Amino acid sequence: MARDLKFTRNIGIMAHIDAGKTTTSERILYYTGKTHKLGEVHEGGATMDWMVQEQERGITITSAATTAFWNYNGDTYQINLIDTPGHVDFTVEVERSLRVLDGTVATFCAVGRVQPQSETVWRQADKYGVPKIAYVNKMDRVGADFFAVIDEMKEKLGARAVPICIPIGAEDKFDGIIDLVAMKAMIYDHNSDALVNYQITDIPEKYVDEANAWREKLVEAAAEYDETLMEKFFEDPDSISEEEVIAALRKATIDMAIVPACCGSSFKNKGVQFLLNAVMRYLPSPLDKGAVKGTNPNTGDEEVRQPSIKEPFAALVFKIATDPFVGRLAFMRAYSGKLDAGSYVLNTRTGKKERVSRLFQMHSNKQNPIEFVEAGDICAAVGFKDLRTGDTICFEQSPITLESMEFPDPVIGLAVEPKTQKDLDKLGIALAKLAEEDPTFTVKTDHETGQTVISGMGELHLDIIVDRLRREFGVDINQGAPQVNYKEAITQTVQHREVFKKQTGGRGKFADIIVEIGPADEGVTGLQFIDEVKGGNVPKEFIPSVEKGFKSAMSNGVLAGYEVPSLKVTLKDGSFHPVDSDQLSFELAARLAFRHACPKAKPVLLEPIMSLEVVTPEDYMGDIVGDLNRRRGQINAMDSTLGARIVKAYVPLAEQFGYVTILRTISSGRATSTMSFDHYAEVPAGLAKEVIEKSGYKNTDDDE
């Protein structure tokens, strides 16, 4: 008999680094009976942080998936839980997890409040329409303030955060919480980690007025979302039942109009059971999220799949991982239908059929084999030969392509080579596997030097990759200094005529094109190609070759050989030879036109600009600002919080290598920083000259 999807929750835990996501995940696993001892992040024993690098550094690097069960109101709910990283270098892990989740628990630190990465993940969740519950963790720490976090959520995230519980005390006097729906207190036993480590009592007298005031705000927020409740609220607020409040809040949460907020201390085992109940109450099941839309790859028409096992099977692959025992694991979210282990599916990207040899329910890095997967489930599959993140798999008779994911381009590169010649092949295989797992990690061979250059989202990202090469794949490497991934752009529009003629014995080559080359329209990336040829001067069958030629030329700009991310090309006119013209001639003519025209269109070099936030004690403020000015930093805000100052600035990545170490030195180890890619900007002329000279790039016509 099919499982009732009403009792399934696909949720993630997302937050800024160090807000306590993994500790919260560990407690959820403990209270749902999935683990029998509490794993601690700071001791390197967390179940969800299974990689050696995660345990050593105390951070989450890959999103780990697990399945657990929770009893609420007499029903057993299945929770598919994904613990995501908080560090900005691994933002892709958060992005791809949010794409397949139905709801998320946004965790905040009661002391750090709304931090930069919290804002990033919040925006990512909004982008994919994922409803949220806020969980304010670390209420036991000095400086904890639940209501200050609620205010910051409204101010910084524009979220309508509505407390569904309030704390009893804070810091070392954090004794429990008051449930504003049931109007009862949960008083925790400080020394117990038992599955029920609290007593439900009446609200302590000194908190009654405060609880009533917050209860009224909660009911009012719920009533605004339900007309019948609104009438009751004005007539007699006390006549509104618990069930009515929960139903209205659930509806508002799923519509993303309200964010229910609760609090606790995961490390001290307080508030986690309440949070789990809130997940069941307010976050959506696959049925609440409804049908998923896609396109039919054969006709291009829109297709819809309902979350039901009666529909044809469709799933989205959101992650590829390499497991030493079972090989390539493809993590997928099934949106509709049912898939049995051993059956064949169609990959709509490649158009090929592949056999799913085995299916697993995941528990961190351990797999439990299962016979089948149904709509609404998250599982891992083995047996695919050519599968990438973002691919749709479905039944051949009912093809559908679900919306994929977009990933940011890497901003920092590193030249690597194996220490011994015999490791050369091993390095190639290892890098290919890592690039398959992580769409923000790329591997290229520099044609000028023959070096292998790996690129990623930041220094930590590449550090982890190098570490994994050594430990997982047994390849020791030498590495060069980090390099910035520059890009190129042109700033003016020019007209150019390119005539390509080659006469060798027999048939020659001939193509003639007149093009206008300029910057792409705002917001357009890639090649914006416009065909304005009239009267068949360039035959229709050659026009795609012109486009192809420009597209391939964009990977090497004319200044220093860096990629040109966007370009507008208008094909105005041209001519052809009835015998000598062919598709290759027009493609080569387009490449040469790019090489010859771009130098006349005022090309410029672009560099990645990072958004930097530094939190520092007041004493070091002057030195830090002075240092940022020396790094060509542009300071755009200075705020104060809890005796510390926050400096926000845009700084070129080229000036930021090793910044964490320098910041520690300036501030005697007391300042912290977070940095994420923001945009590309033009490199000042003097510096651009240096970069171009260092690259040693020559704009030659070597591809004739």
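At what angle do the axes of helix α8 (residues 242–254) and α9 cross, and within what distance do they come? The two axes cross at roughly 75 degrees and come within 8 Å. The model is a predicted one, in which local features need pLDDT of at least 70 and side-chain atom pairs count only at pLDDT 80 or more, while totals for chains, interfaces and linings use all residues. Residues are numbered from 1 along each chain as its sequence is written, and side-chain values use heavy atoms, with hydrogens and water left out.

The protein has 17 helices and 38 strands; helices (H or I, at least four residues) and strands (E, at least two) are DSSP runs numbered from the N terminus. Of the 704 residues in the protein, 54% are buried, where buried means under 20% relative accessible area, exposed means over 50%, and partly exposed lies in between (1.4 Å probe, protein chains only). Among contacts between residues at least 6 apart in sequence, 72% join residues at least 24 apart; a contact means heavy atoms within 4.5 Å.

Helix packing comes next. Two packed helices are described by the angle between their axes and the distance between the axes. Axes are lines fitted to C-alpha atoms, for helices over the stretch in contact, and angles run from 0 to 180 degrees between N-to-C directions. Angles under 35 degrees count as roughly parallel, over 145 as roughly antiparallel, 65 to 115 as roughly perpendicular and the rest as oblique. Helices α8 and α9 are therefore roughly perpendicular to each other. On the α8 side, E242, I246, L249, R250, T253 and I254 meet M280, R281 and Y282 of α9. The residues of this contact of α8 with α9 divide into 5 nonpolar, 1 polar and 3 charged. In this scheme Ala, Val, Leu, Ile, Met, Phe, Trp, Tyr, Cys and Pro count as nonpolar, Asp, Glu, Lys and Arg as charged, and the others, Gly among them, as polar.

Helix α8 also packs with helix α6 (residues 208–223), at an angle of about 60 degrees and with the axes 8 Å apart. The pair α6 and α8 is therefore oblique, and α6 passes α8 in a left-handed crossing. A crossing is left-handed if the near helix is turned anticlockwise from the far one by less than a right angle, and right-handed if clockwise. L218, V219 and A222 of α6 make the contact with V245, A248 and L249 of α8. By class, the contact of α6 with α8 has 6 nonpolar residues, no polar and no charged.

A further pair is formed by helix α11 (residues 424–437) and helix α12 (residues 459–471), whose axes lie 11 Å apart at an angle of about 130 degrees. These two helices are therefore oblique to each other, and their crossing is right-handed. In α11, the residues L427, A430, L431, L434 and E437 meet I465, R468 and L469 in α12. This contact of α11 with α12 has 6 nonpolar, no polar and 2 charged residues.

The interior can be described through its nonpolar cores. A nonpolar core is a set of buried Ala, Val, Leu, Ile, Met, Phe, Trp, Tyr and Cys residues joined through side-chain atoms within 4.5 Å. The largest one has 85 residues, of which F108, W122, M153 and I178 touch the most other members. Helix α9 (residues 272–282) provides the largest share of this core, 8 residues. Another core, apart from it, has 32 residues, among them I517, L571, A597 and C598. Leaving aside residues up to four places away in sequence, F108 touches partners including A19, R113, W122, V149 and M153.

R113 is found in the loop between β4 (103–109) and α4 (116–127). Its relative accessible area is 13%, so R113 is buried. Most residues other than glycine have a negative phi, and most peptide bonds are trans. R113, however, has a positive phi of about 60 degrees although it is not a glycine. M183, also not a glycine, has a positive phi of about 55 degrees and sits in the loop between β8 (176–179) and β9 (184–188).

E152, in helix α5 (residues 146–157), touches R113, V114 and L157, not counting residues up to four places away in sequence. E152 counts as buried, at 13% relative accessibility. V524, by contrast, is partly exposed, with a relative accessible area of 30%, and lies in the loop between β32 (509–518) and β33 (526–531). V524 and P565 are 41 residues apart in sequence and 9.4 Å apart in space, C-alpha to C-alpha.
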